[in-house]
Amino acid sequence: MLCCSGTYVGQCFPAVFPGSGGVPRMSGKPQNVESSERVQLSGTYNVRKGKLQLPVNRWTRRQVILCGTCLIVSSVKESQTGKMHVLPLIGGKVEEVKKHSHCLAFSSAGPQSQTYYVSFDSFTEHLRWHRHAAKMVSQRINSVDLSYCSLEQLPPNLFYSHDLTHLNLKHNFLPSDQRLQQLQRFSRLRSLNLSNNHLGQFPLAICDIHTLSEVNLSCNYLAAVPGAVGAMTNLQTFLLDGNSLSDLPNELGSLQRLGYLGLSFNQFCNIPQVLERLASMEKLCMAGNNLETLTLQNFRLLRIKHIDLRLNKISLMVPDEPDLLRHVTQLDVRDNRLQELDASVFPRLEVLHCERNHIQSLRAKGTLLKAIYATNNELRQLDVTPVPSNLSYMDISRNRVESLPEWLCEAKKLEVLDVSHNLITELPARLLCSNSVRKLSAGHNQLQRLPDRVERPLLEVLDVQHNQLVELPCNLFLKSESLRSVNASANKLEHLPPSSLSEESHSILQEFYLTNNRLTDKCVPMLTGHTHLRVLHMAYNHLQTFPASKMAKLEELEEVDLSGNMLKTVPTTILNCRRMHTLIAHSNAIEVFPEVMQLMDMKCVDLSCNELSEITLPENLPPKLQELDLTGNPRLNLDHKTLEQLNNIRCFRIDPPPTFSSNEASGGPAVWSHGYTEASGVKNKLCVAALSVNSFCGNREALYGVFDGDRNVEVPYLLQCTMNDVLAEELHKTKSEEDYMTNTFLVMQRKLGTAGQKLGGSAALCHIRHDPTDPGGCFTLTAANVGKCQAILCRDGKPMPLSVLHNVGLEEEYRRIRQHRAIVTEDNKVNGVTDSTRIMGYSFLYPSVIPCPHVQTVTLTSQDEFFIVGSRGLWDAVSHQEAVEAVRNVPDGLAAAKKLCTLAQGYGCTDSLSAVVVQLSVSEDCCSCCCSEPPQPPPSPGLGPYPSSSNAMKERPSDGSLPVPPSSCSEISSEISTSEMSSEVGSTASSDEPPQSSLVLLHDQAHHPHLHHPAHALSLQHQPHSGSQPCQYLYPGAELPSSRSCCAVHPLCLTGAFQRQLSSATFSSALSENGLDSEDEEPIAGVFSNGSRVEVEADIHSLKLDLPQTQERPLLLSLPPPPPPPPCTPEPPEEAVDMAESDSGMERDESWHGDPGKVPVKSRRANGSVARQEKSHNLIEVAADAPSKKSGGYFTAPAQPDPDDQFIIPPELEEEVKEIMKQHQQKQQKPSGTEPASDYYDTPL
């Protein structure tokens, strides 16, 4: 509470806005003091309060801000929490303190003046502060802004000057009590803003301030307006929006100067009759009320010109005599329930807004009509008479119009015509002869041809995408000399019209979108005449070659997309395009890397899903290069030098080395595989992020998500880094699908920190899971979303929506935000900020805007083919049905995601894009699992240069060497917690973009869980591990045992077998840095070198076998393949590692079921291992004694199990292993009802 000079200000987020010379805005984002435009000087100095002679007061380091006409002092730590002392300087004093060097004394005016002494660090600062503060104390104040200051009463120092003319007190906690009576002391006050307070009742004190001309009392829970308002005879603007008013007093009619009266979002059911007496009022704002019938007789005596009746419940309009409504020039009836609209009763109507109704027939008077906005209706008939000679804008998109009126060709001033998303089969014959139309949007119709008559129109933008066009008019480019942009994507074009009849061309075409057509190589020569072409999209056509001679003539090309064709090379003459900054040519058959790296303006190169085997780079890469995508090139082999050169690219994506997939390694079939892509917008700002964890919380779950920050990069970045950790924690707290998803979003809202106060973002998550306690159960898919990110499931070839768009168009959402006194502005945004009522961030709009998601759970069946998670830009450009049809026959998830984003860009999307495509393979016997016998253990795949780790993205060492994997996932998770890290980042995030680092992104081949942002490689490595370790493996070309009859989805039961977890020990060695022993010439299999550290992966498993009768020879065990490390493998305590000290040797430590990603500190060792060092060495010695008959080490095995591939149990462990086997067999003989889960026997080694 701000009560006097130098007193405490409340906890609410502080903000100081610029002075209100006019009517203050009703809504806006909060600002802190330091970011305000009124801050003149700020810094951290030694401050002392009170008199210098008193020894009680001491010098303390404080944050000092000279803002507006006040001196603000706060502690350094609490400078952003609202705890501050405000010292008004108007009428006060600023004096130099002679006893202290560089010290000033700031004093306020009045009988209870306060003094602050500030000691500056230099004479320059001392002089600057003295000069600015001296101006403050000498001037007379006439405007005060105390908005967002958590005021519960008026501060006494506010009344030091009675000359105030403008007072802004919005967004506080002021009640309507006797304390507001003091406002009468401002005898010259002209503008008063008390909006968004807790008045509860009309403040009668302001009625006696006769000088007031502007009053804002919006959002104050007012139920009535007293008759005393008639005394404010000078009132010109009166805002009463967002209250509970249902009637107005008759005394209001005496305000003859009142020109603007805001009555929106109240409880009016009729037009108040008192408005007829307001002769000066020109605009009636009654949006968001309860009007059901619009009786035009009530407007007879009104002199208003602009009628705003948005967001009411109007379903019927009772007409009146047109001559009595000649004063109305603008009518706005958006978001109502009208089925017919006869606006011809307004003879002088200029602008008509009737969007988002159910209008089937529309009539209007065309004499003075300038603009028609009628999108999102059911319009079939449009009647405008006479011909609207002044019409300049008409939007009738998203209706059911089948034919356009001929008078469109006679509208001499029509510049913009949007008839997209209708049922139009033919355009007017003379439409392309218009001398006024500059932009024509006719996409998403049923056009089979365009008018052949083209006579030098002024047309600049032509959009005819998503039609059935086989050809364009032959003289389109010959006669259209003003045409700058053409979008003819998603048609059936087989050839293009010529640009000129001679070598000289007058074409100024700059953008040409031809994606998803049937164009062949014969069309390429037709492009050479467009010498000013900057953007060319020819993706998903039938191109086999792009002649180099033709590319050489397009010297001004900046962006080209040739994806989805059959190209084998990119023409070398692309080097002639010196301005080229984007080359997208994925999903072709390109074998040779183009020489685009020699173009200095190059920013983005996408050559994924091709047949590249090597790349050649110049000595210096383009300085602006931000993205290079080489994923989906299985034959690509990059040497160390090339990788080192590509290290500085912000986002470099490449396939990981071939290793066994997570699904295969887990013993289960490949139930799902995924691909993802991200694309920045026209400003090269990536405001989206994708998340995919192919093995989430174990191998029976997966998590995928897409986050969209619209225009900010901060929120999607934080969501991507933290949300999977939050969901993993919530899974352990609740079992309900809706609860754990909802809690995930709510907890994530808190973790956004300061970034979520003023910024926001959409999010969509899809979680595949299988209940481990129900072996016969099926997989379920749980989807949750807020904002405009959506997910759809393809079931039997048809899209099944899994998301809901929360906006004011939903009745329940509209009622909810109205209960919290929110205002919907004319652009359909809540408080003018966001058009989504549920979204992450924007916490300053709470409780109107909340992060509570829509949650939907479906059981996956054999009819489910795939699901798609996409950002806002994707679904704005591509419909659900088209997305399903586009990728249904694309076998690779990466190529499918790439295709979706390419189609969206080809259709004109300029925003950031992100898409995740997850392909499903769920068999019909999902619920008929029958496991009775253990399968034959398949061989273990050899370890490649990278281990099979959950992270598919590694940060390069600072020395520039190749990335070396850590010894284990648990080693990383014990060193840092992503949840803690992300929470800390979110609480301090303030920059527009996240910090960039030089990272290499190893793109997964639809198996490996990984993050999709180049700056976070660790956040997916902290997931809880599910102990379910299935034992059935499927490799390419392998066959299931014919004698088995088991579910193709669920892993086989572990009968008479126990497995030990994959263990890795890290120790110091005398090995050289390249991983070779001083006496060896070949690297040791399974050993990874990282400088002075050597990491060895040792894998010891035991399966069921009959114990031999004699004990003369050592015990032999078959060696199965190692289970995959989960995204986060919790580290066992030391007691669980030492099996000799364990009673049973097979029971998990309870810490395995605790908080995921956290490890007891006492278990950490200096070498990174959680086992005792002597035990680690013993394990490695045992592994070294094992037979190694294969060249790749004993981890590499043939395609079928080799009986000679056996592991020798040392004699000192034979008795222990026998005892373990015996106890295990006894437990297996128990009734099936008491048999523990399969993960019970997973024993850490």
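Let's start with the core. In this predicted model, the largest nonpolar core has 159 residues. L261 and F299 have the most contacts inside it. Which elements give two or more residues to this core? They are β21 (361-365), β23 (381-385), α2 (476-479) and β35 (651-654).

Stay with F299. Leave aside its neighbours within four places in sequence, and F299 is in contact with I271, L284, L294, I304, I307, L309, L324, L325 and H327.

There is also a second, separate core. That one has 31 residues, including I792, F866, A883 and A897.

Now the aromatics. A search of the whole structure finds 8 aromatic pairs. Take Y45 and F120. Their ring centres are 4.9 Å apart, and the planes sit at 65°. The cut-off for edge-to-face is over 60 degrees, so this pair is edge-to-face. Y45 lies in strand β1 (residues 39-49), F120 in the loop between β7 (115-119) and α1 (123-138). The pair therefore ties together parts 75 residues apart in sequence. Y45 is buried, at 3% relative accessibility. F120 is buried too, at 4%. Ring pairs link Y45, F120 and W129 into a cluster.

Next, Y373 and Y393. Here the centres are 5.0 Å apart and the planes at 25°, so the pair is stacked. Y373 is in strand β22 (residues 371-373) and Y393 in strand β24 (residues 393-395), 20 residues apart. Buried or partly exposed? Y373 is partly exposed, at 23%, and Y393 is partly exposed, at 26%.

Last stop, N487, in strand β28 (residues 485-487). N487 is buried, with a relative accessible area of 6%. Beyond four places in sequence, N487 touches L462, D463, V464, Q465, Y513, G906, Y907 and G908.

Terms used. Residues are numbered from 1 along each chain as its sequence is written. This is a predicted model: local features need pLDDT of at least 70, side-chain atom pairs count only at pLDDT 80 or more; totals for chains, interfaces and linings use all residues. Side-chain values use heavy atoms; hydrogens and water are left out. A nonpolar core is a set of buried Ala, Val, Leu, Ile, Met, Phe, Trp, Tyr and Cys residues joined through side-chain atoms within 4.5 Å. Buried means under 20% relative accessible area, exposed over 50%, partly exposed in between (1.4 Å probe, protein chains only). Helices (H or I, at least four residues) and strands (E, at least two) are DSSP runs, numbered from the N terminus. Contact means heavy atoms within 4.5 Å. Rings of Phe, Tyr and Trp (its six-membered ring) pair if their centres lie within 6.5 Å; planes under 30 degrees apart count as stacked, over 60 as edge-to-face and the rest as tilted.
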